[in-house]
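Subject: Two-chain model for you to look at

Hi,

Here is the structure I promised to pass on, with my notes below it. Could you open it next to this email and follow along?

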Amino acid sequence: MTTPAVLARKAEPRALSSADADVLARDLADIVGDRHVRRAPSALLAYESDGLPGYRRRPLMVVSPGTRDELQAVVRRLAASRIAYVPRGAGTGLSGGSLADGAVLIGLNRLTAILELDPANGLARVEPGLVNAALTRACEPHGLHYAPDPSSQTVCTIGGNVAENAGGPHCLKYGVTLNHVVAVTVLLPDGTLTTLGNADGESEGYDLLGAFIGSEGCFGTASDITVRLTPNPPAVRTMLADFHSVYDAATAVSAIIAAGILPAALEMMDAATIHAVEASVYAAGYPVDAAAILLIEVDGLEAGLDVDVATITRLCTTAGARAVRVAADVAERVRLWQGRKKAFGAMGRIAPHLVVQDAVVPRTKLPAILAEIAEIGERHGVRICNVFHAGDGNLHPNIPYDATDADEAARVEHAMGEVMHACMRAGGTITGEHGVGLDKLAYMPELFTADTLDAMCRLRGVFDPERRSNPGKVVPVHSCREWQMAPAVWRGRAAASGRTDA
Amino acid sequence: MPDVAEPRAAAAPTSTAEIAELVRAAREAHTPLRIVGGGRWLDAGRPVEGAHPLPVGGLRGIVEYVPGDLTITVWAGTPLAELHRVTRAEGQWLPLDPHGDPSGTVGATVATASTGPLALSMGTPRDVVLGLDAVLGTGETIVAGGRVVKNVAGFDLVRLLTGAWGTLGVITQLSLRLRARPEMDLTVTAAAPDDARAIGPWLTRLGALPLAPAAFELIDRRMAARMGLDARTLLLVRLTGNAALVEAQRRVLAGAGDVEEFSAGAEVWRSLATAEPARASCMRWSARPTRFAELWAAALDAAAAIDGAATHGTPGRGIVRQHAPAATPPDALAAAWTETATRIGVARAEGQPGAATAIAERLPRALWPVLTHPAATDRISCGIRAAFDPGRLLNPGIFGDHADTSPEPETVRG
């Protein structure tokens, strides 16, 4: 087999003169209309950051296509001039993944159509800018919902979910985005369209769809997405268990999993988080004197559900729970979940800035890692709030702080670094659902071998040989051998223009 | 399988490093390799261009098993049966039940993304594999994914190698997600209409009942006979969960018609998995689940023209699978299965959209080009192959993607 042309071409990022940028803006406006190309610094401000505070990157311009044809025309125009771009959904990502440093930012928010709803087969084909919760609302009349439920689901988009392989509390039972997408039409960085996966039966050949999901915009842009819809469970029980100690709560989590019960969700919140939530407008009635609470949901057929509730209650009590209560009605259930889903927002009240972390450990390591995280927080004098998907071992240690206080900011950074290293030492990983983006780049060489990172680079290179789609994310550029072997002059230019893409 | 000999490598490699050494040596000598797992179960019947066997059956055993994590790390050559035994001792299971004898290896199951009836509720290998070690065709070793149940760090090499039939890398080690064994595991059979036209409405009626089965498989009368059951169309329903949940569903099914129970349910499923005769030809058709009855009817018409063909399917996944004895005249097989594909709207060429999909599991050599299109021939797939296995060393041609100048293909027996 000969090397395909897509591999033979070497990446060559292109610095854009101001005159070139004017021409580009005019061309893009011809495609999408003047109103949908933004260049004024005031207009770009909103796009300088995403859901993760601490990073600001200014895009060259923002272009918002209104149709999939316009999207393709935009990407073709960018390909013609070899210009780097970043696709962006709602910008709620928590890893800096949708920041565009001098690149063109493509806003996908106007592409919100549901192209096909096939309730009998539990399938929906949608545009990438459709909001996650809007899809669930649309299929509600058919008794269906879209299962992945990140906390940002009222604003985040399906396209963004696909890019990040987003999770959420109910992924414990129902699986993450990967398990719910059956096909994606991808707009490759060269402007051509290709369909990955198959909505009409099984697929043969490489699981390119699986490779695409979670590629953080580095393989191209999803132009339409076919997802699987999940029947609403006929019965649900939502429980709240509160504990004297975090250790006891973590022990209860292990006991429930080991007992063979697969809850729909199994979430933990520690005292710091409970206080933040209860002091906010999202107050859910959590016990403020508890060291930790578990929010546990079981669902399915009505039969047998109360047996599971009884088993879970017994396991929590044995582990040291003070009380276990079951939500009496839908209103209480919604309130209990509201507190969990808005916990990050509630932390925002405590301090002007918030570090949101995301790491995973093997489930048996939860009690030990939570103790270690508490020790790290104490040693650095920072307040760590834990709110996380305990059933998956997916931690979210968050730190509210004041970024303008240089000393505090430094302590936060050190503490977070130690937390991540502790999770890696425990056999875990650096991100369970937020992605690598910019934020976790530095940990990648610690987590993966050089050969593994290079294989990732090569995979990306097949989809995006010029490395123009979301440059500088996921895999550090210095781990790509192709880049290492590139002429020094090019490496220098890439570094100078900030386009150190992977 | 009795007709497939154990590979007789002088010294089967027992470590990833040894596999890497063999792949590097093969690369230098330009010797294509045929990856051989257990060498017993997965008689893939897929044509591989004349290649030297690379045995991975020596990579065997448990690397790490912490039951409380519900994850296990194993060598890829470990037989599924051994995994089932080890996890059962802890009240857990690996919910992969591919068709074939359980002496087949977990590595082969993942490399071929093979599934069985449990896939309805438990997912396919791509949903179960958490991490893997593999030796690429370049001789490099990758350590992809991890050992935790949720992980989005880096590009997903795990999904890429799962179902790649070994053509990107030789999988040497796997980390897998386990499930706790349910308190009860009961299998119920219900008599289903023999008339294919009546299947659709009958399934629709069952679908409205409060059931959440672990497996829900329709078998035709020939398959039932092969399994030693009454020779009639049967529905096999596997109910798992706590006693109250299983009992409630059993009552629901009992009210739905002619029902029989199997306390030794696991044996029914084992006999379904191993029902096909040695070296039988096997085809799988799939479409959106609402088209299941149409696929079923077309498959039964095909079976009527093939002596000894047996059919089964998973309505919830829109999949119908049929096998025909090895002795079936190729012309008859080609005619029957071509007709089926046309009727259900299978795409006429790779990359063309089709209303249904046909995947051959095993065919007489001459029928591969007649009944299948080469897979993984799109630009992206070829690019990935070139990036991971530039010398086309690993199972070349297994996707039907033969190089024009290749020697006559021989049949792989991985």
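Two strands are taken as paired if DSSP finds at least two bridges between them. By that rule strand S3 (residues 85-88) of chain A pairs with strand S4 (residues 104-107) of chain A: 4 bridges join them, and they run parallel. Please keep in mind throughout that this is a predicted model.

**The sheet in chain A**

**Two sheet regions in chain B**

Chain B has an open sheet of 5 strands in the order S4-S5-S9-S7-S8, with antiparallel pairing. Its edges are strand S4 (62-66) and strand S8 (141-145) of chain B, each with a single partner strand, so one side of each has no neighbour in the sheet. From one strand to the next, the twist averages 15°. Further in, strand S5 (residues 71-75) and strand S9 (residues 169-177) of chain B run antiparallel and are joined by 5 bridges; Thr71(B) stands opposite Arg177(B) there.

S12(B) is joined antiparallel to strand S13 (residues 234-241) of chain B by 5 bridges, with Val237(B) as the bridge partner of Phe216(B). S12(B) also runs antiparallel to strand S16 (residues 310-314) of chain B, with 2 bridges, and here Leu218(B) stands opposite Gly313(B).

**Where the chains meet**

How many residues of chain B are in contact with chain A? The count is 70 residues of chain B, in contact with 81 residues of chain A. The area buried between the two chains is about 6,100 Å², and carbon and sulfur atoms give 60% of that. Lys150(B), Phe155(B) and Arg288(B) supply 17% of the area that chain B buries against chain A, more than any other three residues.

There are 10 salt bridges between chain B and chain A, and 27 residue pairs in polar contact across the interface. Several elements of chain B each supply at least two residues of the side that touches chain A, including H5, S8 and strand S15 (281-286). H14(B) gives the most, with 10 residues.

**Salt bridges to check**

Over all chains the count comes to 52 salt bridges. One of them joins Asp207(A) to Arg126(B), with the closest N and O atoms 2.8 Å apart. The pair crosses between chains, from the loop between strand S9 (193-197) and helix H8 (208-212) of chain A to helix H5 (residues 125-128) of chain B. Are these two residues buried or exposed? Both Asp207(A) and Arg126(B) are buried. Asp392(A) and Lys150(B) form a salt bridge too, with the closest N and O atoms 3.8 Å apart.

Within chain A, Arg379(A) and Glu418(A) meet at 2.7 Å, N to O. Arg379(A) is in helix H14 (residues 366-380) and Glu418(A) in helix H15 (residues 406-425) of chain A, so the pair ties together parts 39 residues apart in sequence. Arg379(A) is partly exposed at 47% relative accessibility, and Glu418(A) is partly exposed at 25%.

Lastly, there is a salt-bridge network linking Glu116(A), Asp118(A), Arg125(A), Asp200(A), Asp224(A) and Arg288(B).

Best wishes

Terms used: Residues are numbered from 1 along each chain as its sequence is written. Chains are lettered from A and ligands numbered from 1 in the order in which they are written. This is a predicted model: local features need pLDDT of at least 70, side-chain atom pairs count only at pLDDT 80 or more; totals for chains, interfaces and linings use all residues. Side-chain values use heavy atoms; hydrogens and water are left out. Axes are lines fitted to C-alpha atoms, for helices over the stretch in contact, and angles run from 0 to 180 degrees between N-to-C directions. A salt bridge is a side-chain nitrogen of Lys or Arg within 4 Å of a carboxyl oxygen of Asp or Glu. Buried means under 20% relative accessible area, exposed over 50%, partly exposed in between (1.4 Å probe, protein chains only). Contact means heavy atoms within 4.5 Å. Buried area is the accessible area (1.4 Å probe) that two parts lose on being put together, summed over both. A polar contact is a pair of N or O atoms within 3.5 Å; within protein, one must be able to donate a hydrogen and the other to accept it, and residues adjacent in sequence count only if both atoms are side-chain atoms.
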